[in-house]
Amino acid sequence: MGFGAELSPASSATKWLGFVTAVWVQAISGNNYTFSNYSDALKTLMNLTQLELNSLSVAKDVGKAFGLLAGLASDQLPTWVILLIGSVEGLVGYGAQWLVVSERIKPLSYWQMSIFLCMGGNSTTWMNTAILVTCIRNFRKNRGPVSGILKGYVGLSTAIFTVICSALFNDDPARFLLMLSITPLVVCFAAMLFLREIPPSASSAEDKEESRYFWLFNGVAIVVALYLLGYDFIPNPSKLFSQIFAVILLLLLASPLIIPIYSFSKGWFADRAQAAAEADVEGRAAQEPLLKQEIVPETQRRPEVEPAENGGEVRRKVIGEDHTIWEVMRSLDFWILFVSFLCGVGTGLAVMNNMGQIGLALGYADVSIFVSLTSIWGFFGRIISGMVSEYFIRRAATPRPLWNAASQILMAVGYILMAIAMPGSLYIGSIVVGICYGVRLAVTVPTASELFGLKYYGLIYNILILNLPLGSFLFSGLLAGILYDMEAIATAGGGNTCVGAHCYRMVFVVMAIACIIGFGLDILLSIRTKNLYAKIQASKRSKKTVSEKSETRR
């Protein structure tokens, strides 16, 4: 089936069924953000200092540096193979951590534990690459909503795991790790069956239908997020209540299956109605002129800027065209995007990795609510920014990086609030950091595809994701670890501890400055890409006009 062909009911339903399974994979692929849920157990069993514990958290993020392998494989291997590699690697990585925390084996050496944490972190890059590359290629005219929904469920995954673990395992860190190791393998198996590349929409009508379905996905996702948020405000839920809550949560996650079922039914009934009129259509076709103007789908049109003629001077690619990796590395726009991304996600990861110790330093005995708040509000940042940025491109040609700039300045305000350490500031800071971290992830993913094309998008995405281990190392491993240990006092077991607002105050101040630098870079990129987004807006409007004319002629 060619890229300009209409999708059959089965193909359309498979496309949406694949997207539903992609949502499920993303809902369990945020296990890298759950380190705070079991880090204290590791620290106690291995007698670690805070700097050593932070270095372990960096090890799991370093695993994402090897995501370049997943990026290279995404252009060579089918989606199901990439998912299989990621899920098996996660089984080994988190399985080893479970053996240690459950005390089924003696604590591993520090370097051995680092390797298994690295494997767990790397497993998510294979799953995320398979999901994002396939779905953005399948729904390339709705990249913002696709990115927002998929990244949104990654943000919810921490809360999903936390709620299910609380309901089934009473917050036991060992059982939590067992769930992290087995669940991705089971969910990825469903995606292996149904997720594959299918031709994207070829008409404005199909684009509109996709947009309507994405609004339904957004609605379900928001209900799931609010449902999870409500759990945090229930004081001391009983075991039975928690179990019922978890069952309803699983039903909500399964509810998007209605969309592929509806898509198949709608297409099947439409085909039957069309078959009844085929004889009349064939009769009319015999009277049509042999030659008539062909309306070429946008995906088959020649680019606005043609390459140099044979024998002429080879020109450099401009943003908006498919770039090779070498051309991306030579692009100033890429490095502006890369560094601004580092300022946002690096500081956000530092907060997430240290949330357990931040909460304890400020006198909170139970820090799980802050982990859930960051996760759930990160979801709202991702899903809303994906839809809103797409809407304003179509409406006013607003560059996507402008939304990154807004998130950076808001994140700086959140860090200042946490540095002041007023009563309740950790609640507010957790929400602000979650939202802004979510915006950065959801907006940067489609931005990279719009600036540098989809041909090598899998590898480009994983180069950008190098900011996760790099940012974790700089802001969590070095900055937070060293400054915390400077304020901490030694404990009898060989570790250390710190209590008080002073423990992380300077960390928050430095991270606020980093966000202000990122804000300036995002403003610069918005100015440099203004013309590109004007062209994207014109292209969307042109396609709509062509489709309307085509419908009128029928």
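## A loop residue with positive phi

Asn47 lies in the loop between α2 (39-46) and α3, where helices (H or I, at least four residues) are DSSP runs numbered from the N terminus. This is a predicted model, in which local features need pLDDT of at least 70 and side-chain atom pairs count only at pLDDT 80 or more, while totals for chains, interfaces and linings use all residues. Residues are numbered from 1 along each chain as its sequence is written, and side-chain values use heavy atoms, with hydrogens and water left out.

The phi of Asn47 is near 50°, a positive value in a residue other than glycine. Asn47 has a relative accessible area of 48% and is therefore partly exposed, on a scale where buried means under 20% relative accessible area, exposed over 50% and partly exposed in between (1.4 Å probe, protein chains only).

Helix α3 (residues 50-62) contains Ser57, which counts as buried because its relative accessibility is 1%. Once neighbours within four places in sequence are left aside, Ser57 is in contact with Phe35, Asn353, Ser472 and Ser476, contact being defined by heavy atoms within 4.5 Å. Ser57 and Ser476 are 419 residues apart along the chain, and their C-alpha atoms are separated by 8.1 Å.

The packing of α3 against helix α20 (residues 467-487) has an angle of about 175°, with the axes 9 Å apart; these axes are lines fitted to C-alpha atoms, for helices over the stretch in contact, and angles run from 0 to 180 degrees between N-to-C directions. The two helices α3 and α20 are therefore roughly antiparallel to each other, a class for angles over 145 degrees, whereas those under 35 count as roughly parallel, 65 to 115 as roughly perpendicular and the rest as oblique. On the α3 side the contact is made by Gln50, Leu51, Asn54, Ser57, Val58, Asp61 and Val62, and the α20 residues that take part include Ser472, Phe473, Ser476, Gly477 and Ala480. The residues of this contact of α3 with α20 divide into nine nonpolar, seven polar and two charged, where Ala, Val, Leu, Ile, Met, Phe, Trp, Tyr, Cys and Pro count as nonpolar, Asp, Glu, Lys and Arg as charged, and the others, Gly among them, as polar.

## Two further helix pairs

Helix α6 (residues 110-138) and helix α7 (residues 143-169) pack with their axes 10 Å apart and at an angle of about 155°, so α6 and α7 are roughly antiparallel to each other. Their crossing is right-handed, on the convention that a crossing is left-handed if the near helix is turned anticlockwise from the far one by less than a right angle, and right-handed if clockwise. Ile131, Leu132, Cys135 and Ile136 of α6 meet Arg143, Val146, Leu150 and Lys151 of α7, and the residues of this contact of α6 with α7 divide into six nonpolar, no polar and two charged.

The axes of helix α9 (residues 204-232) and helix α10 (residues 239-254) cross at roughly 170° and come within 10 Å, which makes α9 roughly antiparallel to α10. The crossing of α9 and α10 is left-handed. In this pair, Val220, Val223, Val224, Tyr227, Leu228 and Tyr231 of α9 meet Ser242, Ile244, Phe245, Ile248, Leu249, Leu252 and Leu253 of α10, and the residues of the contact of α9 with α10 divide into 12 nonpolar, one polar and no charged.

Phe341, found in helix α14 (residues 332-353), counts as buried because its relative accessibility is 2%. Not counting residues up to four places away in sequence, Phe341 touches Gly346, Arg440, Leu441, Thr444, Leu464, Ile465 and Asn467. Phe341 and Asp522 are 181 residues apart in sequence and, from C-alpha to C-alpha, 8.9 Å apart in space.

In helix α19 (residues 457-464), eight of the eight residues are buried, so this helix is largely enclosed by the rest of the structure. Leu464 is among the buried residues of α19, together with Tyr457 and Ile460.

## Helix α16 and the residue after it

Helix α16 (residues 368-396) has 29 residues and reaches 41 Å from its first C-alpha to its last, close to the 42 Å expected at 1.5 Å a residue, the expected span being 1.5 Å times one less than the number of residues. Ala397 follows α16 and has its place in the loop between α16 and α17 (401-420). Although Ala397 is not a glycine, its phi is positive, at about 55°, and Ala397 is buried, with a relative accessible area of 11%.
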